[in-house]
Amino acid sequence: MKLKSTILFTILISSSTFAQDWFSAQKVTQHISILAADSLGGRATGSKFEEKAANYIIKQLKSNGIQPKGENGTWLQQFDFSAGLHGTGGRTGKANNVIGFLDNKAKYTIVIGAHYDHLGDGADGHSLDGHPEGKIHNGADDNASGVAGVIELARYFSQNNEKEAFNFLFICFSGEELGLLGSVYFCEHPTIDISNINCMINMDMIGRLPKENASLAVSGTGTAAPFEKLVKSFENGALKITTDSAGVGPSDHTSFYNKGIPVLHFFSGTHADYHKPSDDIEKINAQGEEVILLIIAGLIEQLPKDEKLAFLKTRNPSMGTSAKFKVTLGIMPSYANTDNGLKVEAVLDGKAAMKAGMKDGDIITQIGDYPVKEIQTYMEALGKFNKGDKTKVKLIRDKEVMVLEVEF
Ligand SMILES: [Zn+2]
């Protein structure tokens, strides 16, 4: 079956009751509700909970006719990890990537991946909660949503009776939250010939597509010539797609980019529950995820056949690293395309913005002398300041203009 993509998106977005043939919000919800349940304890790297999550993923892949492609004929690829923060002697142990293969007897293989680990009870120091200890971080969006995507794409491509022009390697990575450990390990110890990988599709946080003014972020579009145009072709009246050419970003696709493989990362946006115990199933937009999966499948079907994508190096990202900036405000910015200011999705605990009294939902319109229209002008404005500088931030809260004093 081929996807009549554009028509389907329009229907899907305009009518929530439309039942699409393949990607069902119900299945997406089922996977996320299991992976992000309290009984899975937040899936900390190397924990018994992560093992439970791996078993669920394996069961799902198996039932869809996917073959194991880990080490020694198993589904798993084991690696050592250390969760210690700067030599403070944290947890160490062994964790596992889960790897399955769909052999279409094609020359090249597309990797479809998502990390399945999360923050457990917050003990490893990556939580943004003020007092995370002992609270289960379910990670429904980050990244049970991406794992559900891997499972559903495996189901789609294995049941697709029109054989694809590519093989598929489905990987659920562990150790992402501790620093892309699983994907780095896979790229150093690939279980297939890495030179036959056509591209890597990463899904990290695809469960929170806004229900209104929906905007999907896709990065890596500069890593192969056809990507930008192809990705943009899925944009329509109901869904904006913002692209970023950079192949380096804060998730597992970076490990593949660093090996010279074209990559795309799909991301439905930041939110106030990011890396907090409140990233729960109730807030997932499963219908929105359905649309994202439809786009990914449609995009794969339109890639050039029988030839390998040529890898392109991209500029370093303007986001995701702090190297370019001497200061941070300490907020999670919205990536939505606006022209009237930058929306603050979440104010991070203990940083400059919080100290200045900034709140979730504020819309920043000016920093010092620099007007802020969206993410780009926001980043440019931040680049003008040094540590210790004091300035005024103009913002809109509940339709009222306010000015806050910020010290970087
Ligand atoms: Zn993530």
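Buried means under 20% relative accessible area, with exposed over 50% and partly exposed in between (1.4 Å probe, protein chains only). At 6% relative accessibility, D204 counts as buried. D142 is buried too, at 2%.

This is a predicted model, in which local features need pLDDT of at least 70, side-chain atom pairs count only at pLDDT 80 or more, and totals for chains, interfaces and linings use all residues. Residues are numbered from 1 along each chain as its sequence is written, and side-chain values use heavy atoms, without hydrogens and water.

Now the metal site. Donors are N, O and S atoms within 2.8 Å of the metal (3.2 Å for Na, K and Ca); water is not among the atoms, so sites may look incomplete. For the zinc ion, the protein donors are H115 (NE2), D142 (OD), D204 (OD) and D204 (OD), at 2.0 to 2.7 Å. In sequence, the donor residues follow the spacing H-x26-D-x61-D. D142 sits in helix α4 (residues 140-159) and D204 in the loop between β6 (197-203) and β7 (214-219), so the pair ties together parts 62 residues apart in sequence. Helices (H or I, at least four residues) and strands (E, at least two) are DSSP runs, numbered from the N terminus.

Next, the core. A nonpolar core is a set of buried Ala, Val, Leu, Ile, Met, Phe, Trp, Tyr and Cys residues joined through side-chain atoms within 4.5 Å. The largest one has 67 residues. Those with the most contacts inside it include I110, F170 and F266. A second, separate core of 24 residues includes I331, V344, M379 and L395.
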